[in-house]
Amino acid sequence: MKLLLFAAFLVLAGCSERDSTTTAPAAPAGDAAAGKVFAERECKGCHGVDGKGAAPAIPHLAAQREGYLLASLRAYKEGKRTHAALKEIAAHMSDAEARNLATYYAGLPPVQAAVTDAKSASPYDRGKALAGACAKCHSEDGNSTTPGIPSLAGQQPHYLVIALQEYLAKERKAAPMHALLPGLTRLDKESLALYFASQTPRPRGAPSFGDPAAGEPLSAVCGGCHGAHGVSIDSATPILAGQDARYLVEAIKAYRTTRQRETMRAYVRGLSEREIENLAAFYSVQKSRPPEKGQTLVQDLTDKCNRCHGAETGNAAMPIPKIGGQDRDYLVMALRAYRDDRRESTTMHKMSLPYGDAVIDSIASYYAAQPAK
């Protein structure tokens, strides 16, 4: 979730930047019959003679684009992909054998995988369902009305995940609701964070203490990380604008003692009590906005993915895979590999970099549910 390991959406400009391999000239057609013989000897244990993955996280090869299959074999041969068995097979495969194998699998009818419910995998919907447990303190939409209780609405998602983990590690002061946290999975935390990050923060009036005008000059140092007027653009850095002032006072003081951020501690330890109150008052009255749009996030992302991976996009010679109907676990594994820079592709790394496992899980579920073509 971006969560998330979530970052700015400007990296999602689409696939205008293509890897140089996407313009490679088409190779001569291979011999499908010879490719079948090779597949029966070397590939059927994992991918079957029919091109269907034999187990979860093994991709279906049937009806895949020939150019993509050739590019994948070349990547394994050159060590750009690290699967040990495939690297060994590709290393001893001639160019003709690679063409034959790609022609064979590309010519098979597509595998119609088991249909899954893509909508149920929405991280926003999952987070909304989990948020009910938070409503007593933080309110249903994350806009807290209790002094000293932080608002979660419009908060940066990656920061929220980090905060949950710090509560679990007892690096932050415990509260009654924290007993709920150990039952949350990683996907739960990211989904919950995405839901709250997508809620609109309500404006606050000036608190009963502190002077917002006096706090503004004190915010100059803070702006380097937390952004102008407390609206950060970094998914892991909290938004301070519109936050409860009493909570901000307590948080600033906590960085002097229990919270582990040396850069924060170096600045706040020099502030007086009055200055802390003024700084908190300043940020509490600033306007904020939700950093995410989780309600339509999966749809927005798949629309961008379809520019390259859509069924009508490209031709057989292009090394861009078809992903509709592909094995869900394989798609999750591949997207994580691109995000974590364990598989080479400049475009895919940029596209997947901001996202945590909950968003990747949802994208994979969406495409696994589409009919293979």
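This is a predicted model: local features need pLDDT of at least 70, side-chain atom pairs count only at pLDDT 80 or more; totals for chains, interfaces and linings use all residues.
Helices, for this talk, are DSSP runs of H or I with at least four residues, numbered from the N terminus.

Residues are numbered from 1 along each chain as its sequence is written, and side-chain values use heavy atoms, with hydrogens and water left out.

I begin with charge pairs. A salt bridge here is a side-chain nitrogen of Lys or Arg within 4 Å of a carboxyl oxygen of Asp or Glu. The whole structure contains 17 salt bridges by this search. One of them joins D361 to R126, with the closest N and O atoms 3.8 Å apart. D361 lies in helix α17 and R126 in helix α5, residues 123–131, so this pair ties together parts 235 residues apart in sequence. D361 is buried, with a relative accessible area of 10%; buried means under 20%, exposed over 50% and partly exposed in between, with a 1.4 Å probe and protein chains only.

R274 is partly exposed at 47% relative accessibility, and E277 is partly exposed at 23%. In helix α8, residues 186–197, R186 and E190 are four residues apart, about one helical turn, and their side chains meet at 2.8 Å, N to O. R186 is partly exposed at 33%, whereas E190 is buried at 1%. A network of salt bridges links R336, R339, D340, R342 and D357.

I turn now to the nonpolar interior. A nonpolar core is a set of buried Ala, Val, Leu, Ile, Met, Phe, Trp, Tyr and Cys residues joined through side-chain atoms within 4.5 Å. Which residues of the largest core touch the most other members? Of its 17 residues, they are L297, L301, Y355, V359, I363 and Y367. Helices α14 (297–309), α15 (328–339) and α17 (357–368) each supply at least two residues of this core, and the largest share, six residues, comes from α17.

Finally, arginine and aromatic rings. A charge sits over a ring if NZ of Lys or CZ of Arg is within 6 Å of the ring centre and within 35 degrees of the ring normal. The charged end of R259 sits over the ring of Y255, 5.2 Å from its centre, and that of R343 sits over the ring of Y338, at 5.3 Å.
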